[in-house]
Amino acid sequence: MRRPDAHRAPDIMVTGGILRLSGYGVQMAVDRGYLCVEDGIADERRFARFSKIDPSLKRVVILGCSGTISLDAIRWLHAVGVPLMHLDRDGTVYGVLAAEGPHLPQLRRAQAGAVNSGASLVVTRYLLNAK
């Protein structure tokens, strides 16, 4: 992915666990087990490389509509439990890829029964007050 003649811009940083990629020609691929990403515009390209044991990467957000993501990169993200979101600059959601959550039948039964028990009203009030 990284071209030896490319202008050296600052590397892409993860802030608050979120890797934000934007610009034209965003690229995401796997090279020798590492997730390699590139973003930016023209000769102002940024690069980053992540190991599967890197604890800083919690979520990937792509802003824009130009670039490529390899199937290996999607598999890599799934294996480490990192969701991927693709948004347009106007906020349109093009896609969200995330691993399945835990299978907790007891929780699903409790959620389904919350409407009849009145718990849903308590939760709704709590959430509205929190906002």
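Predicted model: local features only at pLDDT ≥ 70, side-chain atom pairs only at ≥ 80, totals over all residues.
Student: What makes E3 a partner of E4?

Tutor: Five bridges join E3 to E4, and the two run antiparallel. With at least two bridges required, they therefore pair. Met-28 stands opposite Val-37 in E4. The hairpin of E3 and E4 has two residues between the strands, and Arg-32 takes a positive phi near 55° there.

Student: How does E3 run relative to E7, parallel or antiparallel?

Tutor: E3 and E7 run parallel, with three bridges joining them. Here Val-26 stands opposite Gly-67 in E7.

Student: Why is Asp-39 called buried?

Tutor: Buried means under 20% relative accessible area. Asp-39, at 1% relative accessibility, therefore counts as buried. This residue is found in strand E4. Leaving aside residues up to four places away in sequence, Asp-39 touches several others, including Ile-12, Leu-21, Val-26 and Glu-44.

Student: How do you know that Asp-39 and Arg-46 make a polar contact?

Tutor: The cut-off for a pair of N or O atoms is within 3.5 Å. The side chains of Asp-39 and Arg-46 are joined by a polar contact of 2.8 Å, so the value meets that limit. The side chain of Asp-39 also has a polar atom 3.0 Å from the backbone nitrogen of Ser-22.

Student: What makes up the largest nonpolar core?

Tutor: This core has 17 residues, and those with the most contacts inside it are Leu-21, Met-28, Leu-35, Val-37 and Val-60. At least two residues each come from E2 (18-22), E3, E4, E5, E6 (59-63) and H1. H1 gives the largest share, three residues.

Student: Which residues of E2 are on its covered face?

Tutor: Leu-19 and Leu-21 are on the covered face, while Ile-18, Arg-20 and Ser-22 are on the uncovered one. In a regular strand the side chains alternate between the two faces of the sheet.

Student: What makes E1 and E2 a pair?

Tutor: Two bridges join E1, residues 14-15, to E2, and these strands run antiparallel. At least two bridges are needed, so they pair. Val-14 has Leu-19 as its bridge partner in E2. In their hairpin, which has two residues between the strands, Gly-16 takes a positive phi near 60°.

Student: Where does E6 find its partners?

Tutor: E6 pairs with E2 in the parallel sense over five bridges, and Ser-22 stands opposite Leu-63 in E6. E6 also pairs with E8, residues 84-87, in the parallel sense over four bridges.

Student: How many residues lie between E8 and E9 in their hairpin?

Tutor: There are five residues between them, and Gly-91 in the turn has a positive phi of about 95°. E8 and E9, residues 93-97, pair in the antiparallel sense over four bridges.

Student: Why is H3 said to lie largely in the open?

Tutor: The number of buried residues among the twelve of H3 is zero, so H3 lies largely in the open. From its first C-alpha to its last, H3 (residues 119-130) reaches 17 Å, close to the 16 Å expected at 1.5 Å a residue.

Methods: Residues numbered from 1 in each chain as written. Heavy atoms only, no water. Buried < 20%, exposed > 50% of the residue type's maximum accessible area, 1.4 Å probe, protein only. Polar contact = N/O pair within 3.5 Å; in protein donor to acceptor, adjacent residues only side chain to side chain. Contact = heavy atoms within 4.5 Å. Core = buried A, V, L, I, M, F, W, Y, C linked by side-chain atoms within 4.5 Å. Expected span 1.5 Å × (residues − 1).
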